[in-house]
Structures are given as structure tokens and as C-alpha cells.
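Trainee: Could we sit down with this model and talk through how its helices and chains pack?
Mentor: Happy to, let's look together.

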Amino acid sequence: MLKILKYSFFDLMRSRWSYVYFAFYLLLGVVLLFLNNDLSKAVITLMNVIIVLVPLIGTIFGVMYYYNSQEFTELLLAQPIKRSSIFLGQYLGVALSLSMSLILGLGIPFVFYGLFESSAIWDFSLLLITGTFLTLIFTALAFNIALSNENKIKGFGYAILLWLFLAVIYDGLFLMTLVLFEDYPLDKLSLIGTMLNPIDLSRTLILLKLDISALLGYTGAVFKQFFGTSFGLVVSFFMLTVWVALPVLRIVFKSKRKDF
Amino acid sequence: MKNQILFFITIFMAWSSIAQTITVCKTCAVSTIQSAITQAKDFDTIFVKKGTYKEHNIVVDKPLTIIGEKYPVIDGELKGEIITIISDNVTVDGLFIINVGTSYTEDYAAIRVKNSKNFVIQNLVLEKLFFGIYIEKSRDGKVYHNKIIGDAVEEYNSGNGIQLWYSKNVEIEHNFVQHVRDGIYLEFSDDCLIKNNVSTLNVRYGLHFMFSNDDVYQDNLFEKNGAGVAVMFSKRIKMYSNIFKENWGTASYGMLLKEINDAEIIGNTFEDNTIGINIEGSNRITYKHNDFKNNGWAIKVKGACYTNTFTENNFLYNSFDIAYNSNVNDNIFDKNYWSNYTGYDLDKNGVGDVPYRPVKLFSYIVNRTPETIILLRSMFIDIIDFSEKVSPVFTPDNLLDNNPLIKRITW
């Protein structure tokens, strides 16, 4: 598995898209810092970018890579290698190279700007950690879609739909549910609703650090316990890990019984 | 004129010849403060030496000056009220008063001023108290440089730091109040000045007005209270250059205004509060040169608020700038700086060319269904906020700042 991981990783490292992705984040970081002159404000703007763009790029890149390397995969399948290690190796290769572009691309301008002396370092690391989690989750989901669809066009369509659903439509439905059932106690429902969507979950996780004063404005015991203590942080990270584990398990499961 | 001066000199000399000093200490002839007061004549000075005096119900019934040397401790042993002043012209200075009794039927205070004029209460340290300094039906007094540190946990069994009841023209300056119910509480008290005080970590309010008119409070710091300042049912209050900080919690405000008319709120700073100012039923108030920074809600308008003007304030990085719960607006927003403003200034006159709408659709939704706060900063919310901005349906369509400033205002 490690060999395939290494191969995928270096294959991607040489590809143009990794550089484009890296350069995009580098530029974003530099421009934000240049315009804002304030680390903590830049972190807030970055959050908006990360929770929308990272999932999108993860999904598209994952699907693209799978379809592009299909012939190579078939070649590998003819060799005496475990199927799970082929696909997991490829998956990790993509996910790790994307995460690296993200971390380096954003990290370098911030480090040069004096991140280590700033109090924003924890907010910033939290941002990078959630960004990495989102990359892992959405690349895994993309691999799932690609594994289940031979048709490339269909695969891409589903991938974009998945992103659109989790990034925008889900929140719309969520909001409608909350407004519709406003006469009922909604504490738990709203927290559970957040847990079920990795994008919402990452957003909440970052909000816990940034907009805590607004979040505390709501009177609800469950909310207060969730937002007021580190309990929220622990639960959110646990859920993000579950969100990585489930699609990865499905990759293993699916790849074992797929006909090529 | 000459005769007048002569007259005053004679009076002064007469006084100084009559006024004597009495020293109280453990080994002196006079060993308790109460006996010193009984022996003293009008306008005498009582010096209390360092030591611990276990006394309560000390009644000051003649014009005296009581001065503590090196903070003598007066221990009330939780038996009730400690000092009660019922005469005019009393000065109390430099005492350390502890252990005031707690009662559910009577408001025991460390020091109570009753029906008195020209009192001065200064340099006291009060600890383990129920009520601290209680001024009732008195006027023309001064409360300076006191330090009041309580241990209040619940509202129902704790008292206020400094309380004024039916009092007039009292100056409260440079006091430090912590861990009581209300730091400073004014009820039916007019023409008072509250200045340079620090009121922090109180269970309820840092400063509380009830039915009090024409008062001024300025240059105070209110930090981490249940709510910073509550101004209720009062008229013509002036609030200048105060700092309201970190009043966090589900029902916490920097400032709470209820049934307030004709007030002036100028030059204050509201920082890191859950709600900067909560306004209910308040009319003709001027908000000018205030900084609202990093609050959850900078201003929450709850209804029945008419002809208020908000000019030249800075709204910086609040989650919500203004929240309204109706779509009728009679308040004026003009020439403020909004950090969330996204317009442009083509003619470079420092004023944005597109009006700014401070009320977002999302703040309207959160007002209706508070749980939706969990969707804060979601992309979907940004989209609906944008569409509401283009064509307002739910938010008041005349609630605009027509001259939003491009640069932060400094004064």
C-alpha cells in the first residue's frame, strides 16, 4: 500500500494541478494578509473560503484522479497486490497531496507574516486541521462515487451534486425545518443536523472559536453545554473522524467486490 | 464683603475651638466607636486606631468626622447593620468593614445614610457584605474611592454594592465594586454623577437605574457582569465615554435600555458583548461616536423605539450589526462606519455611493427561531442575505444608512 501511496503522491506532486492549487492558496493567503493587515480578521475570511472551496476541490480532484488513472489501476489489479491497498493507496495519495498544498499554500504567507508571535495561531491551526479533515472526507466521498459509476459524465455530475447538496441545499432544508418546527424544542435537532453534514460541522467548529459571543445569545441548555465547554470541540472532532472512516470503509468494501 | 469674610473667620474660629478629637483604640479610655460617638459633641473628629472592633448597629446621630488610621477592622459578626448615619455633615473615612448580616426581611448595609445632607463616605473597604453603602432619602453627598468586594452567587440572597434610594445630587466617583448583585443601583434618585468607577463580575448589573432622572455617568468600566448597565424607566440620562466589555451569556447585554427617553449615549465602547445594546420602548435617544466592536449583536431593537438617531458610530466586526423584530422603522441611521459595508466610493468624498442596510434577513430569522443561529456564516445564509439586500421583503425597507462612511471614524 505504501508503495502505491508513494507512487500516487509523487505522480500528483509532479502534476500541474497540484501546483495550481498550491499557488491559489499562496496567492489567497498573501492577498488576504495584504488587504486586511490583521491576522484574526484574515482567519475569518479564510474560513468562508475553506468551508466552500476545499470540499469542492477535494470532490472534483478525487473523481478526476480516479478516472484518469483507471488504466493504471487495471494494470495494478493484474498484479498480486491486495485490492484494498491499491485503492487506499491511491486515495491517500490524492488526499495527502491536496492537504499538503492547502497547508503549505496557506501556511507559508502566514508564517512570514508573523503567525508564531500572534494569538491567532490556535484559530489558524484549527482552520488548517478542519481543512485537512474536509479534504480527507470529500476525496473519500469522491472515490466512492467514482467506484460506483463507470460513466465519467455521471460520476462528475454526482460529485458536483454532492458538493452542492452539502454546501448549500442541506443548509436550506435545515433552515426550513427549523423555521417550520419553531414551536417545538429544537436544541437537539439543530445540533444533530449540524453533526450530519461535515461542512456544517467544520463551520460550527470554527465558529466556536470566532463568533462565540453571538452563539451564546441563545438560551438553551444543550447549546450552552455544547458551545460553552470543550465538550463541543471533542464531539465535533469525533464526528469528523467518523466522517472520514465511513467512506474509507466503503472504498475497501466496494473495491473488493467490484468487477473490472 | 469684608464683613462676610470676617463673619466666616469668626465662625471658623468658634468651630475649631469647640471641635475636639477623640481617639479610639483597644487600650485607650474609649475603646469602642459607639461610646466615642456618644461622648462626642457636634463637629468633633473621632480617630479610630488600627485594630479589630467587633461592633454593629453603630448609630451616628450628630455631625462627626470618623477617620480610621491604617484601616481598622469593624467586624459586624454577621449580626446586622454596622454603621447607620442619621445626621447631616458626617464624614466617614478609611475603615475596613466586614461581615454584614444577611436578612430576607431587612436590607442590612455595611454603612447606611438616612435622611442626611452633605455626607462624605470615602476610602472604605467593604468585604463579606449584604448591602454595601446604602443611601436613602439623602442629598448632596459624596461617595469616593471605596472598594467593595462581595461574594454574591445568587440574586435572591445578595445585596447591592452602592444603593441610592430617593436621593439627590450624590457624586459617586472612583469606586471599585465586585461580586455583588448590582454594582451601583439608583432608584428614584435624580441629578447624580457617577464617574470613573469600575464595576465588574457582578451577578446582575454593573450599574442599574430605576425611575431616576437627569443623572450622568461617564468614564466607567463595566466588565463581565450579568449585564453591564441597565437603564430603566428613566429620563434624560447622559452616558459618556464608558466601556462595556465581555458581558457574555444567554441574557447578557452591554447596556439594556427600557422605557428611556431623551438620553444621550456618546463616546462609549462596547466590546465582546453578546448584545451591545438592547433597546426596548426608548425614544429620542442620541447615539453618537460610539464604538461597537466584536459583539454578537451590536444593537438589538425590540420594538416601540421612535425617533432615535444613530450618527457617526463605528460598527466593527459584529456578527450582526442591527437586529429588528418588526419591519417598521422610525429611527435614523446616518454617517456611520460599518465594517461589513461592501459598497464603493467613486467620487472619493469618503462617503459610500450605495446605501448600507444594517439589518440582515438572517438576523430577522434568528429573532423568530433562535436555534437557527447555528447556521451563522453558512453559504446558504449569505445567499439569502444577498437576495434580501437586493429587494427587502422582511426587513424594514427604509432602514438605511444613506451616507455610510468608507473609513473608520476617529474623534
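**Helix packing and the chain contact**

Mentor: Let's start with one pair: α6(A) passes α7(A) in a right-handed crossing. Keep in mind that this is a predicted model.

Trainee: At what angle do helix α6 and helix α7 of chain A pack?
Mentor: Helix α6 covers residues 121-148 of chain A and helix α7 covers residues 152-180. Their axes are 9 Å apart, and the packing angle is about 145°.

Trainee: How many nonpolar residues does the contact of α6(A) with α7(A) have?
Mentor: On the α6(A) side are Leu141(A), Ala142(A), Ile145(A) and Ala146(A), which meet Gly155(A), Tyr158(A), Ala159(A) and Leu162(A) in α7(A). No charged residue takes part, one is polar, and the nonpolar ones number seven.

Trainee: Are α6(A) and α12(A) roughly parallel or roughly antiparallel to each other?
Mentor: Helix α12 (residues 231-257) of chain A packs with α6(A) at about 25°, with the axes 9 Å apart. Angles under 35 degrees count as roughly parallel. The two helices, α6(A) and α12(A), are therefore roughly parallel.

Trainee: Is the crossing of α6(A) past α12(A) left-handed or right-handed?
Mentor: Residues that meet here include Phe133(A) and Leu136(A) in α6(A), and Trp243(A) and Arg250(A) in α12(A). By class, the contact has 13 nonpolar, three polar and two charged residues. As for the hand, α6(A) passes α12(A) in a crossing that is left-handed.

Trainee: Which helices of chain B each supply at least two residues of the side that touches chain A?
Mentor: In this contact, 29 residues of chain B meet 29 residues of chain A. The chain B side divides into 14 nonpolar, 11 polar and four charged residues. The helices you want are α3 (361-368) and α4 (379-390).

How values were computed: Residues numbered from 1 in each chain as written. Chains lettered and ligands numbered in written order. Predicted model: local features only at pLDDT ≥ 70, side-chain atom pairs only at ≥ 80, totals over all residues. Axes fitted to C-alpha atoms, helices over the stretch in contact; angles between N-to-C directions. Helix = DSSP H or I, 4+ residues; strand = E, 2+ residues; numbered from the N terminus. Left-handed = near helix turned anticlockwise from the far one by under 90°. Contact = placed C-beta atoms within 7 Å. Nonpolar A, V, L, I, M, F, W, Y, C, P; charged D, E, K, R; others polar. Parallel < 35°, antiparallel > 145°, perpendicular 65-115°, else oblique.
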